[in-house]
Amino acid sequence: MSGKPSPVARLFWTAVIGCPFGFWYGTPGFAATGVVLTLVLTRHVGRPGRFRARVRRIARAHGETLALRRRQESFCDAYGNRIEDGWLRERAYFLDRTVLPQIGPRYADLAVSERERMLAIVEAEAAAVALPDEEEAPESGLDYERFCAERLVEAGWRAHRTPASGDQGADIVAVRDGLRLVVQCKRLSKPVGNAAVQEAAAAQRYWAGDRAAVVSNAGFTPAARRLATATGVLLLHHDALAALDLAAM
């Protein structure tokens with residue numbers, strides 16, 4: 001529990017302390033007490049609004065990343081249903097790992113009671129960012145590899161595609177600032193699974209890469225994310241390639 005007094009307690013003690021001044025000084029004393037009570041009440045009434053504004057500022061600062069993750073972690077299944085399970089998990093993860101630590105204990109009570117509002121704020125900020133048209137990504141696997149290589153070149157990488165056979169799980173090898181990145185590209189209609197992460201990790205060793213990445217238009221399964229964390233493989237949406245900088249990661 002917080003050691004800070006509740007708003008009711010603050011109002012009570014302000015009145016208890018202020019009333020004797022009122023009786024002693026008359027009208028000016030009662031007026032001063034009233035002003036203080038009004039300030040305490042106003043501060044309490046506006047507290048949720050300030051809390052939500054702070055959450056909004058934090059989410060807005062990560063808006064582009066949230067928008068990419070929202071796109072990447074949502075897909076349509078074979079029946080035409082919109083599946084957003086991955087995005088809902090990502091949204092909650094962002095709230096718990098990024099927003100709440102910055103909010104701190106001052107708003108601990110609102111962090112519990114306002115959780116649904118906080119999630120809605122994150123959703124709104126992610127949806128507000130205009131991303132490039134997803135349809136520009138080619139459907140063909142080979143064309144998608146070329147597309148990803150071009151994005152890396154835009155970011156200053158020297159990128160080349162590997163031979164169609166014997167690539168050992170690598171579609172692109174890129175070099176920048178002395179760092180070698182090994183990339184596997186997956187143009188899919190469903191989240192990428194463990195196998196792609198395993199192949200990328202093996203390709204990193206084969207091609208003597210400093211880092212490996214799986215790039216996809218789709219999201220990644222929870223199992224793939226866990227394995228990527230354990231192996232150090234990057235999981236990226238192709239929109240992230242144009243600004244990819246390994247030295248900053």
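Which residues of helix 4 are buried?

Reply: The buried residues of helix 4 are G86, W87, E90, R91, F94, L95, V99 and I103, where buried means under 20% relative accessible area, exposed over 50% and partly exposed in between, computed with a 1.4 Å probe on protein chains only. Helices here are DSSP runs of H or I with at least four residues, strands are runs of E with at least two, and both are numbered from the N terminus. This is a predicted model, in which local features need pLDDT of at least 70 and side-chain atom pairs count only at pLDDT 80 or more, whereas totals for chains, interfaces and linings use all residues. Residues are numbered from 1 along each chain as its sequence is written, and side-chain values use heavy atoms, with hydrogens and water left out.

Helix 4 covers residues 85-103, which is 19 residues, and spans 26 Å from its first C-alpha to its last, close to the 27 Å expected at 1.5 Å a residue; that expected span is 1.5 Å times one less than the number of residues. At L95, which is among the buried residues, helix 4 bends by about 30°, the bend being the angle between axes fitted to the seven residues ending there and the seven starting there. After helix 4 comes G104, with a positive phi near 80°.

The next point is the packing partner. The axes of helix 3 (residues 63-72) and helix 4 come within 8 Å and cross at roughly 155°, with axes taken as lines fitted to C-alpha atoms, for helices over the stretch in contact, and angles running from 0 to 180 degrees between N-to-C directions. Helix 3 and helix 4 are therefore roughly antiparallel, since angles over 145 degrees count as roughly antiparallel, under 35 as roughly parallel, 65 to 115 as roughly perpendicular and the rest as oblique. The contact, meaning heavy atoms within 4.5 Å, is made by L66, R69 and R70 on helix 3 and by W87, E90 and F94 on helix 4; W87, E90 and F94 also belong to the buried set of helix 4.

Another helix pair gives a point of reference. Helix 8 (residues 194-206) and helix 9 (residues 222-231) have axes that come within 8 Å and cross at roughly 20°, and this pair is therefore roughly parallel. Their contact involves N194, V197, Q198 and A201 from helix 8, with A223, A224, L227, A228 and T231 from helix 9.

In the loop between helix 8 and strand 6 (211-216) lies A208, which has a positive phi of about 55° although it is not a glycine, and A208 is exposed at a relative accessible area of 56%. D177, in the loop between strand 4 (172-176) and strand 5, likewise is not a glycine and has a positive phi of about 55°; its relative accessibility of 61% makes D177 exposed.
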